[in-house]
Amino acid sequence: MKTYEVFLKRPGKDSFTHVGALEAPDDDLALSFARDCYARRSEGEQMWVVARTDLLVADPTELEMADREHRHNDGALLRDLRRAPDSPAS
Amino acid sequence: MSDVDPANVNGAHGLVLALADDELCIGQNLAWWIAVGPFLEEDLALTSISQDELGHARALYGLLGDDIDALAYGRQAHEYRCAHLTELPCRDWGQTLVRHFLYDTAETVRWEALAHSSWKALGAVARRALAEERSHLRHASGLLSRLLRTEAGRSRLLPLFDQFAPMACELFDVPTGCSDDALVAAGVMARALSDQLAEWQGTVDDALTDAGYRLQWPAVDRSGSAPLGRSGRRSPHFAALHAEMIEVLSIDPSATW
């Protein structure tokens, strides 16, 4: 059995969204099972089914950005500046 | 009720009732697999197909009357017209798969024969069902062709074809009170049940030829009156199946859902 990832797209401007995974012996049965497992209630009008081995998987260490404070601007610094009594923006 | 319902001329109602009873029994039997399928995806697939078949039953009963529950659940055993194949419990998954393939290939042949019926409402039901059959067949054929490439699959499944395929011919028996030729002449069906049987046997033969196997079809003249399910004779499995279907209604006849 191979593992497949399933993506659905609803009508309109929504993009494809990952909805889950499944196991199937081949591509054709993967499409068949995907319909029955994830799309039997009209959850989407288009479906992608991708073998997990065909996905490009990033190295998680490249995604570790928690310690990069400058990547996480929540506006607090600017807000505090504006609120300062001598701020030109206040 | 339908517009051009040929008013049961030539037993059109008897034909629809037989097809509806097939769908009801198949749907009920497939639903048994919920939570006990051999793997999760197959569990969901079989029970999703079960709902489709029950949906076909509801649509067909709806052509015959407004009280669908009374038609589906409220008749005496001898008033049902299902083929005995549909009554089999098939608690072994291999049995379920082989019957699923035989039944859905047969269904496809008969829906095609009804898709442009002179009974307009019946034609509409048939065309909608045909769209669903494509995915049912992809499921059945996909699993079957794959398993028939393995020795374990062949040794389990091929004997089941020998056992079930002759039984499945009954799906094309002419229900008591119907006339094969007259239903075709009235345009209810595009092709006689006897022709549909031959076409379906060809489909099954082709699938098994791909697997290097040849079925022996029984030489039975099926053009006469139906000797088995289509005449009202029930198999020994029907009583338990029906009791399960009407379990809730037996407790509370006013139950709705």
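Student: How are α1(B) and α2(B) oriented relative to each other, roughly parallel or roughly antiparallel?

Tutor: In this predicted model, α1(B) and helix α2, residues 40-64 of chain B, pack at an angle of about 155 degrees, with their axes 8 Å apart. Angles over 145 degrees count as roughly antiparallel, and therefore α1(B) and α2(B) are described as roughly antiparallel to each other. The crossing of these two helices, α1(B) and α2(B), is left-handed.

Student: Which residues of α1(B) and α2(B) meet, and how do they divide by class?

Tutor: Among those in α1(B) are B:Val16, B:Ala20 and B:Leu24, while those they meet in α2(B) include B:Leu54, B:Ala57 and B:Leu60. The residues of this contact divide into 16 nonpolar, 5 polar and 2 charged.

Student: What is A:Phe33 in contact with, leaving aside its neighbours within four places in sequence?

Tutor: A:Phe33 is in contact with A:Leu22 and A:Ala24 in its own chain, and with B:Glu41 and B:Ala45 in chain B.

Student: How many residues does each chain give to the contact between chain A and chain B?

Tutor: The contact takes 13 residues from chain A and 11 residues from chain B. On the side of chain A, the largest share, 7 residues, comes from α1(A), and by class that side has 6 nonpolar, 1 polar and 6 charged residues.

How values were computed. Residues numbered from 1 in each chain as written. Chains lettered and ligands numbered in written order. Predicted model: local features only at pLDDT ≥ 70, side-chain atom pairs only at ≥ 80, totals over all residues. Contact = placed C-beta atoms within 7 Å. Helix = DSSP H or I, 4+ residues; strand = E, 2+ residues; numbered from the N terminus. Nonpolar A, V, L, I, M, F, W, Y, C, P; charged D, E, K, R; others polar. Axes fitted to C-alpha atoms, helices over the stretch in contact; angles between N-to-C directions. Parallel < 35°, antiparallel > 145°, perpendicular 65-115°, else oblique. Left-handed = near helix turned anticlockwise from the far one by under 90°.
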